[in-house]
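Please keep the sequence and the model in view while reading.

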Amino acid sequence: MNQYLSEYKGKSILITGGAGCIGSSLTKALIKAEVAKIIILDDLSAAERWNIPTATNVVFIQGSVLDEEVLKRAFSDRLDFVFHLAAHFANQNSVDNPETDLMVNGLGILKVLQYSHLSGVGKFVFAVFLLTAFSRPY
Ligand SMILES: NC(=O)c1ccc[n+]([C@@H]2O[C@H](COP(=O)([O-])OP(=O)(O)OC[C@H]3O[C@@H](n4cnc5c(N)ncnc54)[C@H](O)[C@@H]3O)[C@@H](O)[C@H]2O)c1
């Protein structure tokens, strides 16, 4: 096992957006790293359930990072790592749906950070793709 993956052996990990492109690949890698448990939280707004890797230590919670009840369930276990990958992702999608974009990408990360802080998560990792466009307001 490579030295980076060995850090995760025996750990409990939450992946928001775990059904998506990066999250599902990450899940596959973590299964090989012999983690204790992976909780995937995804509302399936941009992914299909079949994309979630299956293993006895993978638990799927369908719901939004904006939903307090869903977050309480996801954080009810002691977690060592949180990977926050839930996102409203796709540039034109963001332009067409700016309020959803702000809620999921803005309020979403704030809520997941707050829960991570309150439940004493060891490490929080997130990915961001920042596009700054200079154009006439529509
Ligand atoms: N794919 C890339 O090349 C790339 C590069 C750099 C950064 N990133 C960033 O990494 C993150 C993940 O990218 P990806 O390619 O896996 O995107 P993706 O669209 O494949 O995955 C995002 C996941 O988030 C889920 N989701 C959306 N709204 C949600 C909500 N409210 N609650 C719970 N789940 C929700 C979707 O259903 C989807 O499964 C994004 O922030 C993206 O900007 C991606």
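Among contacts in the protein chain between residues at least 6 apart in sequence, what percentage join residues at least 24 apart? In this predicted model, the share of such contacts that join residues at least 24 apart is 64%. The chain has four helices and five strands, and along the sequence these elements follow the pattern β-α-β-β-α-β-α-α-β.

**Overall dimensions and burial**

- Because a compact globule with 138 residues would have a radius of gyration near 14 Å, the 15 Å of the protein chain agrees with that expectation.
- Taken along the principal axes, the box filled by the C-alpha atoms of the protein chain is roughly 50 × 30 × 25 Å.
- Of the 138 residues in the protein chain, 28% are buried.

**The sheet and the helix packed on it**

- The five strands of an open sheet are arranged in the order E3-E2-E1-E4-E5, and their pairing is parallel.
- Strand E3 (58-62) and strand E5 (123-126) form the edges, each of them pairing on one side only, and from one strand to the next the twist averages 15°.
- Strand E1 (residues 12-16) pairs with strand E2 (residues 37-42) in the parallel sense, over five bridges, and within this pairing Leu14 stands opposite Ile39 in E2.
- Helix H4 (residues 98-118) packs on the sheet, where it touches E1, strand E4 (81-84) and E5, and the direction of H4 makes about 180° with that of E4.

**Two loop residues with positive phi**

- Most residues other than glycine have a negative phi, which is the background for the two cases that follow.
- Glu34, found in the loop between helix H1 (21-32) and E2, has a positive phi near 60° although the residue is not glycine.
- Why does Glu34 count as partly exposed? Glu34 has 14 C-beta neighbours inside 10 Å, and because a residue is buried only from 20 or more such atoms and exposed at 12 or fewer, a count in between makes a residue partly exposed.
- Leu44 lies in the loop between E2 and E3, and the phi of Leu44 is likewise positive, near 60°, in a residue other than glycine.
- Leu44 has 15 other C-beta atoms within 10 Å and is therefore partly exposed.

Notes. Residues are numbered from 1 along each chain as its sequence is written. This is a predicted model: local features need pLDDT of at least 70, side-chain atom pairs count only at pLDDT 80 or more; totals for chains, interfaces and linings use all residues. Two strands pair if DSSP finds at least two bridges between them. Axes are lines fitted to C-alpha atoms, for helices over the stretch in contact, and angles run from 0 to 180 degrees between N-to-C directions. Two residues are in contact if their C-beta atoms, placed from the backbone, lie within 7 Å. The radius of gyration is taken over C-alpha atoms; the globule rule is 2.2 Å times the number of residues to the power 0.38.
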